[in-house]
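Please open the model in your viewer and keep the selection tool at hand.

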Amino acid sequence: MTRALDALLRLADRVSLWATWGGGALMLAAAFVVGVDVLLRKFFLFSLGGADELSGYAFAISTAWALSFTLLRRAHVRVDALYGHLPQRMRAALDIAALLALALFASMLAWHASAMWATSWDFAARATTPLQTPLWIPQGLWSLGLILFVLVTLALLLRTVVALAGGDLAAVRALAGARTIEEDAADEAAIAAEVRTTPESLRG
Amino acid sequence: MLAVAFLLLILLLALALPVAAALGVLGLLLEQLYSRMPLSLAMGEIAWSSSKDFLLVSIPMFILLGEILLRAGVAERMYDAMIKWLSWIPGGLMHSNIGACAIFAATSGSSVATAATVGTVALPLVKRHGYNERLFLGTLAAGGTLGILIPPSINMIIYAVLTDTSIPKLYLAGIFPGLALAALFMLTVAVLCILRPGWGGRKLPADWGQRIASLIHLLPPLFIFLIVVGSIYAGFATPTEAAALGVVASLGLAWGFGRLSLAMLREVVENAMRTTAMVMLIIVGAYFLNFVMSAIGLTAALTTFIAGLGLSKLEMLLAVIVFYVILGCFMETLSMMITTIPIVAPVMFQLGFDPVWFGIVIVILIEAALITPPVGLNLFVVQSLRKGGSLNDVIVGSLPFVLAMFVMLAVLVAFPGIALWLPAQFS
C-alpha cells in the first residue's frame with residue numbers, strides 16, 4: 001500500500017513539475033508577447049491586438065497548473081503561531097486537517113470551474129473581445145490544472161493518513177508539515193549565496 | 001453573525017489550515033449558516049474572472065523579474081559603487097547597505113529579495129572591517145524592507161487590486177516616503193555611531209575619480225527602473241505591460257552578464273510559479289469569502305458596527321495600526337494583506353482617509369511586520385545569510401529601525417503631502 005502510494009506521489013511530483021515548467025514557459029512567453037506589443041504600439045503605432053486578453057488566459061492556466069507543485073513543496077502558507085508549539089502527534093492531526101480543508105476547497109473550485117467550462121462548450125461561448133476567443137479552450141486548460149490539484153491533494157491526503165495510521169510521524173511531517181519560517185528564509189538565503197560574486201575591490 | 005464569523009476565522013487560521021483553504025472553507029460555512037441562496041454557484045465565475053485579470057498578471061511578472069534580477073549579478077557592482085559614495089559618513093558601510101537597498105528596491109518589488117541580495121554581498125565585510133555586528137545586520141534587514149515602499153512593489157499592486165486604487169498613483173506616492181525612510185535609517189545609524197564611535201568600523205576611502213567611475217554600475221538598476229516605473233509615466237505602458245517589459249529587459253541583462261542558462265531559467269520559473277500559485281489561491285479564497293460576506297450582509301454589519309463605536313478618525317487609524325502590528329506577529333505579510341485589506345480598507349475610506357495615502361501607511365506597517373519577531377521574514381533571511389550567531393542579534397539590531405518606521409508613520413499622519421504631493425502633480 002505504502003509503496004504503491006509512494007510511486008503514485010512520485011508520478012504526481014513529475015507531472016506537477018512539468019506542469020509548472022510549462023506554465024512558467026507560458027508566462028515568459030506572455031511577457032515577450034506583451035512586451036513586443038507595447039514596443040510595436042509605441043514605435044510603430046501598431047498593435048498585435050489581444051495581448052492583454054491572451055496573457056490573462058496564460059496567467060489563469062499557468063497558476064492553476066502550478067497549484068499542485070506548490071502543494072508538494074508545502075508552500076501553501078499556513079499560520080503556525082499555535083501549530084509551532086504543539087506536540088508532534090497533534091501537528092500531524094492538523095496536517096491532515098489542512099489537507100482535508102484544501103481538498104474540500106479545491107474540489108469545489110474544480111467542480112464549479114468544470115461546470116463553467118461545460119456551459120461554455122454547450123453554448124459555444126466566445127469572449128466579448130475582438131479576438132472572440134472560444135472560452136472553452138482557456139477555461140478547459142484552467143479546469144484541468146484545478147483537477148490535477150484536486151487529484152494530487154487527495155493522493156497526498158491518502159499517503160499522509162496511511163503514514164499517521166502506521167505511526168510514522170516523521171513521514172507526515174516531511175509530506176505535509178507546515179514549513180517553518182526558518183526553512184523559508186534558508187531557501188532565500190541559499191539562492192542569494194549561490195549567485196553571489198564579490199566585486200573585485202572588496203576581495204582580499 | 002459578526003462574532004461567529006470572526007471566531008470561525010480565528011479558529012480556522014489557528015488550526016494552521018492553509019490560509020487559502022481557511023478563507024474558502026469559511027465562505028462555505030457562512031453560506032451554510034446564513035444564506036438561503038446557493039452562493040457557491042458563483043465560485044467558478046469569481047475564480048475565473050480574478051484568475052485571468054490582466055492587472056493581476058503583473059504579480060507573476062514582478063515575481064519573475066525579482067527572481068531573474070537576483071540571479072543576474074546586478075547587485076555586487078552596484079554595492080561597490082555605494083561603498084565609494086556613502087561610506088565616509090559616520091557608520092561607514094552601514095550607509096552603503098541602506099543606499100544599496102534603496103537602489104535595488106527601485107528595481108525589485110519584494111523586500112525579502114532586496115534584503116537577501118544586498119545582504120549576501122555585504123555580510124562578509126562585517127568582521128573584516130570591525131563593525132558592530134548587530135547594527136550592521138539591522139541595516140540589512142530594515143534596508144531590505146524598502147523593497148516594497150520604493151516602486152515597483154508587489155504589495156502595492158495587491159493593495160491596488162483589492163481596493164481599486166490606481167497603481168501609478170501608489171507608485172508615485174511611495175517614492176518620497178521611501179527616500180525619507182532611507183534617509184531616516186541613515187540618520188539613525190549616523191546618530192548611533194556618533195554616540196558610540198566604536199560601532200562604526202573602518203571606512204573605505206574613495207576619491208572623486210573612483211566615485212564618478214563607479215557610477216556606471218548604477219546604470220543596470222537605473223535601466224530596469226526606467227522600464228518598469230518610468231514607462232508608466234511616459235504614458236506608453238500600463239503597470240502590467242511595464243512589468244512584462246521588465247522581465248524581458250532583465251533577461252537581457254542576465255544574458256549580458258553571462259548568467260542566463262536553462263538551469264537558471266528553470267529555477268526562476270519554479271520559484272516564481274510557486275509564489276504566484278500560493279498568492280493566487282489565497283486571492284481566489286478571499287474573493288469568494290468577500291462575495292459571501294457581502295451577500296449575507298456581513299460586510300454591511302461590520303461597517304455599521306465600526307461606525308457605532310464612534311471612534312474619531314485618528315482613533316480609528318491608531319486602532320488599525322495596532323491591529324496590523326499585532327497581526328503582523330502571526331501572519332505572513334502577503335496573506336495578511338489579502339485577508340484583511342478588503343475588509344479594513346473600505347471602512348477607512350468611508351471615514352475619509354485617502355486610498356493612496358492609506359496604501360502607503362499599510363505598506364510601512366507591512367515593512368515593520370517584516371522586521372519584528374516572531375515571524376518577521378527579513379530577520380530570518382538575514383540570519384540565514386550569516387554563518388552562525390543568534391537570531392537575537394538581528395532582532396536587536398533592527399529595533400532602532402522599527403522606531404524609525406513609526407516616526408515615519410507619525411510624519412505621514414502629520415504631513416500627508418509627503419505621499420500625496422507627487423501623485424497630485426501628475427494628475
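Begin by selecting A:Arg78, which touches A:Tyr83, A:Leu94, A:Asp95, A:Ala98, A:Ala176, A:Gly177, A:Ala178, B:Ala16, B:Leu17 and B:Pro18, leaving aside residues up to four places away in sequence; contact here means heavy atoms within 4.5 Å. This is a predicted model, in which local features need pLDDT of at least 70 and side-chain atom pairs count only at pLDDT 80 or more, while totals for chains, interfaces and linings use all residues. Residues are numbered from 1 along each chain as its sequence is written, chains are lettered from A and ligands numbered from 1 in the order in which they are written, and side-chain values use heavy atoms, with hydrogens and water left out.

Stay with A:Arg78, which is found in the loop between helix 2 and helix 3 (88-122) of chain A, where helices are DSSP runs of H or I with at least four residues, numbered from the N terminus. Is A:Arg78 buried or exposed? A:Arg78 has a relative accessible area of 12% and is therefore buried, a word that stands for under 20%, whereas exposed stands for over 50% (1.4 Å probe, protein chains only). A polar atom of its side chain lies 2.9 Å from the backbone oxygen of A:Ala176, and a polar atom of the A:Arg78 side chain lies 2.5 Å from the backbone oxygen of B:Ala16.

Next, colour the two chains separately and look at where they meet. The contact takes 79 residues from chain B and 71 residues from chain A. The area buried between them is about 6,600 Å², of which carbon and sulfur atoms give 78%; buried area is the accessible area (1.4 Å probe) that two parts lose on being put together, summed over both. In chain B, select B:Trp48, B:Arg274 and B:Leu281, which lose the most area to chain A, together 11% of what that side buries.

Now turn to the backbone. Most residues other than glycine have a negative phi, and most peptide bonds are trans. Select A:Leu45, in the loop between helix 1 (2-44) and helix 2 of chain A, where phi is near 50 degrees, a positive value in a residue other than glycine. A:Leu45 is exposed, with a relative accessible area of 76%. Finally, move to chain B and select B:Pro152, in the loop between helix 9 (133-145) and helix 10 (154-163), where the peptide bond from B:Pro151 to B:Pro152 is cis, with omega near -5 degrees.

Methods:
Helices (H or I, at least four residues) and strands (E, at least two) are DSSP runs, numbered from the N terminus. A polar contact is a pair of N or O atoms within 3.5 Å; within protein, one must be able to donate a hydrogen and the other to accept it, and residues adjacent in sequence count only if both atoms are side-chain atoms.
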